[in-house]
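Take a look at this structure.

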Amino acid sequence: MLTGECDTSESTSQSDADLRQCSTAGDEYGAISATLDGQKIENLDSYRTATDFFNVTYVKDNIFDVPAVTYRGVADGFFVFLKPLSVGNHELQVKTSVTNPTTPSFNYASEAMYHLKISPKSQIEDNITNKSSTLNSNITNKSSGLNTTMPNQLPPESINGSKVGKI
């Protein structure tokens, strides 16, 4: 929903401490909300997590206009976690806005509606293995098979049963 990523391609962010601080800078002034099937998802602010350090490789002529090299990076942000949904159609709406008084270039607003189609597991497996099924149905069914978790039903340090580092 609201994520900051920084890497060593930025001349001001070279040390691990600098990268961590940079990745959280925009998150501090954000407002987030989400609904699932019209019901508000509570406690989204407790689902903030940071990644471990990772490599980011930029290609030649990239949109950030940085040299095509591999850089060290880290991300920090707020995410929506859903428990496995019932078979059928669902709507997930997420809204984010950032009003950063110290770095106005971080300011933005976003709203997205996701239309989720959840299929029974056996139907997903059949469609993946059935070579005659269309690409569209495979994409729909593969994405509907995501294992997800709801924020008010799992502790923040657990995502799908695995431990996630806290800030």
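Q: Which pattern does the protein follow, read along the sequence?
A: This is a predicted model, where local features need pLDDT of at least 70, side-chain atom pairs count only at pLDDT 80 or more, and totals for chains, interfaces and linings use all residues. Residues are numbered from 1 along each chain as its sequence is written, and side-chain values use heavy atoms, with hydrogens and water left out. Helices (H or I, at least four residues) and strands (E, at least two) are DSSP runs, numbered from the N terminus. Along the sequence, the pattern is β-α-β-β-β-β-β-β-β-α-α-β-β.

Q: How many helices and strands are there in the protein?
A: Both kinds of element occur in the pattern β-α-β-β-β-β-β-β-β-α-α-β-β. The count is 3 helices and 10 strands.

Q: What percentage of the residues count as buried?
A: Buried means under 20% relative accessible area (1.4 Å probe, protein chains only). The protein has 167 residues, and the share that count as buried is 33%.

Q: Among contacts between residues at least 6 apart in sequence, what share join residues at least 24 apart?
A: A contact means heavy atoms within 4.5 Å. Among contacts between residues at least 6 apart, the share that join residues at least 24 apart is 65%.

Key
Buried means under 20% relative accessible area, exposed over 50%, partly exposed in between (1.4 Å probe, protein chains only).
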